[in-house]
Amino acid sequence: MALTKIQPNIIAVANNVTNKTVGNTTSIPSFTFDGAGVVTSASNVAISGAGITANTVANSAFQTGSVENYLNAQGLDFGMRNRIINGTMIVDQRNAGANVVISSNAPYTVDRWRAQVSQHNGTMNVRQDSTSTAGFTKSLRAIVTTANTSLPATSVTRIWTNIEGLNVADLGFGTANAKPVTLSFWVRSSNTGTFSGALTNYDEVRSYPFEYTISTANTFEKKTITIPGDTSGNWSSNTDGSFALNFNLGSGTTQLGTANAWTGSWKVGSTGSFSLAGVLNATWYVTGVQLEEGSIPTSFEYRQYGTELALCHRYFLRYGGTGNYEFINFTTLIATGSGTAYGCVQNPVQMRTVPTYSASNLRVVDENAAYTVTSISGSGAVYGNNYGTEVAFNVSSGLTQYRPYFVQINNGTSTSHYLYMSAEL
Amino acid sequence: MITYKLNKDRRTGEDCSVNRTDDNGQVWSIPLVLSNTDYQEYLEWVAAGNTPEPADE
């Protein structure tokens, strides 16, 4: 008689069921049923075809910790897997979507991401862009505005982000316990070909060039790259920079190296990879950048906007630009003379280090008058730390000694109304 | 050309920060703190043989 159904009472009495054929057609591997109710198969059991019907496996089938233990064993962490800040390019405090001209400099574009043209006369514009792919609303776009097809050997064209040591210390880079990491990102370009980048240490003496292929022009494609942990070199585990993730857009031969291998010098891409810098009006977009522990890429880790913004604030903060008069964190000043008033500017989050300040279109006010701020100077080395700094706000004249004042940012919406605090890497 | 000018703390008289003026005229007030990367750049600038303007007395 063909065995068509295994009844629970059969399981209860049988010690071993081996190589049984069910319904004359389907072979099943060897199973052992023990008296404690544990079923063990002699080999892996594949589930194919329709698989398990949805919602037919009871929650009770998963013992507490079984899923967690599996993910841990695979090196797949849970929350805050992504070591990249602003990988969605959503935060753009400095430029609010405006183009940043990259020409023999290395300015910040969107938060945490810099662009560089070095040692060649090409130029490009980089900005936050609304061209994106499903699941994302923003990307970072580079467009070549002056092409260079004869790049000097030491030239560099890149977009990159630095990662603080505290945020990657657990990966053990520079030790025998270095763990692999997996990079995922969505990329699009007007040109197809083999592009490249490199994971380097902040000191720029250890590099792992990697390659990715863009198969279809003007179409976002997801790329994943696993990078073995580096057991050599200096990789900070404190508030200094540790990792640098580079996307090469065209660099000289000295700055390019062999793909998929660690090397003891600074490389930003792979030898022979495509040079976007050589094509006028060529475009390159990136978003959804994730760098995580382990060799298995997981889905992109979305963080709430407020969380992402606070993470950015550890490195850079901008007050201003809302179109209203903005009090700077409700700072009260005390005038020490007719031309200067002091106050403590408190940081909304603990910044990486004592920040650098810059200001434009500020005014010191009381109930009667407003005085244009002509300059500021922080006293960071004496009265400053990661939480706040005493700052002198200088005006031409008119303040009354020992009188309290407020400091405001004028009611402009442009990027020229601000107080900047920068503790970047 | 980038220039630097030191600032003194009004109470202690010590140098407490240095203002950097960029090519575009933007001024940055940099704390004299080693972990600040702007200060690291300033130290490299000094090591290259440059001298900042002294602080106002």
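What covers the buried residues of α1(B)? The cover includes β22 and β27 of chain A, together with β1 (3-8), β2 (15-21) and β3 (27-31) of chain B. Buried means under 20% relative accessible area, exposed over 50% and partly exposed in between, with a 1.4 Å probe and protein chains only. Helices (H or I, at least four residues) and strands (E, at least two) are DSSP runs, numbered from the N terminus.

This is a predicted model, in which local features need pLDDT of at least 70, side-chain atom pairs count only at pLDDT 80 or more, and totals for chains, interfaces and linings use all residues. Residues are numbered from 1 along each chain as its sequence is written, chains are lettered from A and ligands numbered from 1 in the order in which they are written, and side-chain values use heavy atoms, with hydrogens and water left out.

**The helix of chain B**

Helix α1 of chain B spans residues 37-47, and B:T37 is found in it. The buried residues of α1(B) are B:T37, B:D38, B:Y39, B:Y42 and B:W45. B:T37 counts as buried because its relative accessibility is 14%. Leaving out residues up to four places away in sequence, B:T37 touches A:Y202, A:R352, A:E424 and A:L425. Contact means heavy atoms within 4.5 Å.

At the start of α1(B), a side-chain oxygen of B:N36 comes within 2.8 Å of the backbone nitrogen of B:D38. After α1(B) comes B:G49, with a positive phi near 100 degrees.

**Strands of chain A**

Strand β22(A) covers residues 356-360, and four of its five residues are buried. It runs antiparallel to β27(A) (residues 418-422), and five bridges join the two. Two strands pair if DSSP finds at least two bridges between them. A:Y357 has A:M421 in β27(A) as its bridge partner.

Chain A also holds a barrel. Six strands close it in the order β20-β21-β25-β24-β23-β26, with antiparallel pairing. The twist averages 40 degrees from one strand to the next. Axes here are lines fitted to C-alpha atoms, for helices over the stretch in contact, and angles run from 0 to 180 degrees between N-to-C directions. A:V365 stands opposite A:A370 in β24(A).

**Aromatic rings**

The whole structure has 26 aromatic pairs over all chains. Rings of Phe, Tyr and Trp (its six-membered ring) pair if their centres lie within 6.5 Å; planes under 30 degrees apart count as stacked, over 60 as edge-to-face and the rest as tilted. Two pairs are set out here.

| Pair | Centre to centre | Angle of planes | Type |
|---|---|---|---|
| A:F173 and A:W235 | 4.9 Å | 75 degrees | edge-to-face |
| A:F220 and A:Y285 | 6.1 Å | 65 degrees | edge-to-face |

A:F173 lies in the loop between β10 (156-164) and β11 (181-189) of chain A, and A:W235 in the loop between β14 (221-227) and β15 (241-248), 62 residues apart. A:F173 is buried at 6% relative accessible area, and A:W235 is buried at 8%.

A:F220 sits in the loop between β13 (207-214) and β14 of chain A, and A:Y285 in strand β18 (residues 283-293), so the pair ties together parts 65 residues apart in sequence. Both A:F220 and A:Y285 are buried.

Ring pairs also link a cluster, with A:W113, A:F185 and A:F247 among its members.

Conventions:
Polar contact = N/O pair within 3.5 Å; in protein donor to acceptor, adjacent residues only side chain to side chain.
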